[in-house]
Amino acid sequence: MKNISSVFWVSIAILLIAVVYGVAAPSNFETITSNIQAFLTSRFGWYYLILVSLIVIFCIFLILSPIGAITLGKPNDKPEYSTVSWFAMLFSAGMGIGLVFWGAAEPLSHFATNPPLSEPGSDDALKESMRFTFFHWGLHAWGIYALIALALAYFNFRKGEPGLISSTLTPILGKYASGKLGGLIDILAVLATVIGVATTLGFGAAQINGGLSFLFDIPNNFKVQLIIIGVVTVLFIISAWSGLGKGIKYLSNTNLVLAIILLILMFIAGPTLLILNLFTDTLGKYLQNIIQMSFRIAPLNSENRNWINSWTIFYWAWWISWSPFVGIFIARVSKGRTIRQFLIGVLLAPSIVSFIWFAVFGTASIHVQQQGRIDLTALKTEEVLFGVFENVPMTTFLSIIALILIAIFFITSADSATFVLGMQTTYGSLLPPNSVKLTWGILQSLVAVILLYSGGLQGLQNALIIAAFPFSIIIILMIISLYKSLMKERRDLRLYVRAKPIKKITEQEPE
């Protein structure tokens, strides 16, 4: 137990108090979280939009700068994982369940239920539905992950600091980064991680339940979701016990294959030509309007503002609350890559795959809705995907693949989280004890159960936005700290814009 930090005990205590309170007074718990969420979205929506946009701009700056040639590690370090395995792991950890959960449901909602600007069901609503979905799951989302992961990988592998969020602030906090202030920062990161992961596990349990209900008439209620979470908890703890190189790597690669199979089958079974046309048109409109969408706050239109609060602000909070978990995990598997390679890979590859995914499943759901054979908007969010499958060939086969995919995404997300939480609470150890991972595995499942019990999906969303706010302040400090350290290294290594900077710097040891 000597390797367990005080961050572990304090975080456990806070979360156990929340769990007990959620069980004892679920209605009151939901009311309090709703009030805090409403306050944050109405008063600080502008703050979320500006912060996330600045993160993307900062990442692009580093890609274009000579700083991008710096290696995340010692000059001769090579990547530990192949590019395919690396991409599979960061993708499974970063967006797995979310893509399957929202792939058909979000574009449909923007088109038929509550479009951002146009009349429901109109051609303009169709185009907007895809454009804003691309916006929510594209560069901004992965920019947040990339920044946190870059800071952690840089300070851990190149500067020799512990793999902790607090360690990335050493250039501006000095000795306080390893003191009580640093401990407080790590506690906030742990709490944000648990809430972010628990929310995603709640979404996953709800969708597995929705699929089983749609296919086999199994009741769609909290009791069934509790059983699902219990079963999957046992499975991901077994995976976590086997270690990062085995469990997560193999499951992530399996997930990538299943996701590709499901994507290709849906592309063939769905409106193929419409998918291709909408993907092409939407990609152009996304790039054309990205600046306007990034800062859209609708100050004079309460209806549009409510839409932004419910969708864009929710997503930015979701990515921020997930960023300690995804960031630490991506950093852990990215040693040996240059900053430029890392940022291009993390920003572009997952974004493009997300665009393709939503083009296929979103277009299919809208096409089914337009045909009028079933009203998908009458289904619960977690059932929409299976409603789409019911109206295309290979219904049962597609549904079974989707359920397996969700279950494995569930396991890989929770498995990765137990490793990351263990790492954050054992002084940045790259091999946290299994007892610590077991504790975090059980606790994050308990939090997911309480959030579902107290407020369903809305309760999950409330908790996300609340958890993200304090950690967003830490992100600002991380940008300043990383910039300060990189600028110093740029001067020390004499990095300037010239023909071949990469070879020169890899021959030098960092200070």
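Contact here means heavy atoms within 4.5 Å. This is a predicted model, where local features need pLDDT of at least 70, side-chain atom pairs count only at pLDDT 80 or more, and totals for chains, interfaces and linings use all residues. Residues are numbered from 1 along each chain as its sequence is written, and side-chain values use heavy atoms, with hydrogens and water left out.

**View 1. Thr 395 and its contacts.** Thr 395 lies in helix α15; helices are DSSP runs (H or I, at least four residues) numbered from the N terminus. Neighbours within four places in sequence aside, Thr 395 touches Phe 389 and Glu 390. Its C-alpha is 9.8 Å from that of Ala 269, 126 residues away in sequence. Thr 395 is partly exposed, at 23% relative accessibility (buried is under 20%, exposed over 50%, partly exposed in between; 1.4 Å probe, protein chains only).

**View 2. The crossing of α12 and α15.** The axes of α12 (residues 302-332) and α15 (residues 395-424) come within 9 Å and cross at roughly 85°. The two helices are therefore roughly perpendicular (angles of 65 to 115 degrees). Residues making the contact include Trp 322 and Phe 325 of α12, and Phe 419 and Met 423 of α15.

**View 3. A nonpolar surface patch.** Trp 46, Ile 50, Leu 54, Ile 57, Ile 291 and Phe 295 form the patch, with about 620 Å² of accessible area together. Patch residues have over 30% relative accessible area and no salt bridge, and nonpolar side chains are joined within 5 Å. A salt bridge is a side-chain nitrogen of Lys or Arg within 4 Å of a carboxyl oxygen of Asp or Glu. Helix α2 (residues 26-64) gives the largest share, 4 residues. Trp 46 sits in α2 and is partly exposed at 46%.

Notes: Patches are made of residues with over 30% relative accessible area and no salt bridge: like charges are joined within 9 Å, nonpolar side chains (Val, Leu, Ile, Met, Phe, Trp, Tyr) within 5 Å. Accessible areas come from the Shrake-Rupley method with a 1.4 Å probe; for residues, only the protein chains shown count as cover. Axes are lines fitted to C-alpha atoms, for helices over the stretch in contact, and angles run from 0 to 180 degrees between N-to-C directions. Angles under 35 degrees count as roughly parallel, over 145 as roughly antiparallel, 65 to 115 as roughly perpendicular and the rest as oblique.
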